[in-house]
Amino acid sequence: MKIRDRYAPSPTGLQHIGGIRTALFNYLFARSKSGTFILRLEDTDRTRSDQSFVQNLYDTFKWLGIRWDEGPDCGGHFAPYIQSERSELYKKFAEELVGKGFGYYCFCTAERIDQVRQEREAARSPESGYDRHCRVIPPEEAARRAQAGEACTIRLKIPLGETTRFHDHLLGDIEWKNDDVNPDPVLLKSDGFPTYHLANVVDDHLMEISHVLRAQEWLASTPLHVIMYRCFGWEPPQFCHLPMVMGQDGKKLSKRHGATSIDEFRLQGYMPEALINYVALLGASYEDNRDIYSLQELEKLFCLEKLSKAPAVFDYKKLEWFNGQYIRMKSDDELAVLCLPFAIEAGLFGTEGKEPTADQHKLFTAAMPLIRERLVLLNEAPEKIAYLFSEPALPAAEEFIPKKSDRTGTIQLLQLGRELIPSLAQSPDDTTAEVIIKEKCEQESVKLGDVMMPLRVAITGSRVSPPLFGSLRLLGVEKSLQRVDKALALLTENGA
């Protein structure tokens with residue numbers, strides 16, 4: 001069997017984790033079977049569909065590095081791949097169902113349907129959905145009224161008293177009583193546009209989709225779709241309803257749990273490789289005792305048999321761990337390229353949006369080894385190395401004082417550190433610098449940490465910072481001495 005699957009989003013919002021997981025699994029399944037991955041835009045919701053969301057979709061997948069084989073932007077044998085451009089097809093097939101007796105014209109107004117709903121609520125009736133009022137209209141009369149121009153929809157005539165059966169690759173054999181299926185749903189709206197159900201089934205058949213991989217929230221729609229396939233006399237595709245993605249509270253992942261749109265993750269400084277790696281593990285397994293996979297490896301290893309039935313829990317801390325792992329795989333130059341947009345936006349080089357000068361860019365790249373092991377998100381980089389590009393404000397005098405010391409003792413410790421700055425700043429590496437300062441501390445009978453702490457605060461403005469020796473080398477002797485002198489002046493003034 002030639003594998004053909006698809007990602008068929010409705011462009012009514014930004015791309016989010018759940019949708020990307022569905023797209024990724026379809027992509028990986030197609031690649032693992034040397035099949036075809038298709039993008040189709042299901043834009044039949046004309047009130048909510050927006051071109052900006054289409055652009056967001058394209059931008060998101062470009063950033064993730066995932067490409068489809070057929071789609072609106074690249075074409076294919078089954079074009080067009082945008083449902084709003086296929087309206088005549090859906091009208092034709094809806095009319096075909098009417099002609100076969102599997103569909104009928106419905107002339108009920110929105111007001112009547114709402115009235116029925118209100119009456120049921122008042123009577124506390126367990127019934128819901130359409131009451132099949134127009135199902136009993138003689139076909140000849142209904143056709144005559146429709147041809148005369150009376151406003152109408154086309155509904156599917158659900159076979160009553162029967163059971164619909166289908167197989168799901170993950171969930172096994174499923175039975176669904178037709179009486180529990182959405183009562184005679186609308187297939188073609190009065191404006192001639194199809195509903196999701198009609199367009200989805202028609203397009204999957206015409207585009208020769210072999211497998212439908214989608215979230216389990218769509219499971220309740222599958223009996224309806226299977227009924228439609230049988231009404232048309234078509235063979236349904238193979239179904240696989242993927243486990244839900246939940247928050248750690250056991251509820252469906254949403255904004256209340258944190259970022260969900262891919263734009264949010266990108267703007268926070270997550271890397272596409274980390275996001276793909278982590279999302280690929282949500283409800284799937286690959287190899288034992290291994291977490292890190294490239295997209296190319298996932299393409300080879302993905303397997304429907306290794307999907308889990310249980311809901312997948314989205315753990316933001318775990319995603320951060322993945323992001324940190326991928327950050328540490330980058331070279332200095334690669335990491336600088338990734339962090340630079342965040343630095344420009346943060347105004348690291350003078351003002352917000354200002355590009356770095358050649359010297360600033362060189363310093364920025366040289367600072368990457370100082371923060372690589374400390375970065376979790378790319379947008380943290382500007383704040384961590386801001387002290388290299390502008391002199392930090394002096395903190396309160398108490399910040400300089402080590403435990404079991406006082407202001408007078410701290411001044412002496414900082415003076416000792418000042419003596420060492422030329423040697424430390426000009427040392428070739430951290431190992432050499434560490435030998436220099438340890439020897440001096442032993443000579444003076446002081447603790448290494450007690451010398452390092454006030455010196456670190458003077459240079460970086462904080463007790464917690466990137467490595468001190470590397471910072472001194474990047475700042476140079478002159479700037480480092482100036483900062484220490486200002487710190488000494490502060491301590492001396494406060495101690496007067």
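Cys108 is buried, its relative accessible area being 16% (buried means under 20%, exposed over 50% and partly exposed in between, with a 1.4 Å probe and protein chains only). The model is predicted, so local features need pLDDT of at least 70 and side-chain atom pairs count only at pLDDT 80 or more, while totals for chains, interfaces and linings use all residues. Residues are numbered from 1 along each chain as its sequence is written, and side-chain values use heavy atoms, with hydrogens and water left out.

**Cysteines**
- The count of disulfides (pairs of cysteine sulfur atoms within 2.5 Å) is zero.
- For Cys108, the closest cysteine sulfur belongs to Cys134 and lies 3.6 Å away, too far for a bond.
- Cys441 is also buried, at 4% relative accessibility.

**Nonpolar cores**
- A nonpolar core is a set of buried Ala, Val, Leu, Ile, Met, Phe, Trp, Tyr and Cys residues joined through side-chain atoms within 4.5 Å.
- The largest one has 106 residues, and Ile17, Phe314 and Phe364 have the most contacts inside it.
- Helix α1 (residues 17-32) gives this core its largest share, nine residues.
- Another core, of 44 residues, lies apart from it and includes Tyr81 and Ala199.

**Strands β1 and β2**
- Helices (H or I, at least four residues) and strands (E, at least two) are DSSP runs, numbered from the N terminus.
- Strands β1 (residues 4-7) and β2 run parallel and are joined by four bridges; Asp5 has Phe37 in β2 as its bridge partner.
- On β2 (residues 36-39), Thr36 and Ile38 are buried on one side, and Phe37 and Leu39 on the other.

Note on methods: Pairing = 2+ DSSP bridges.
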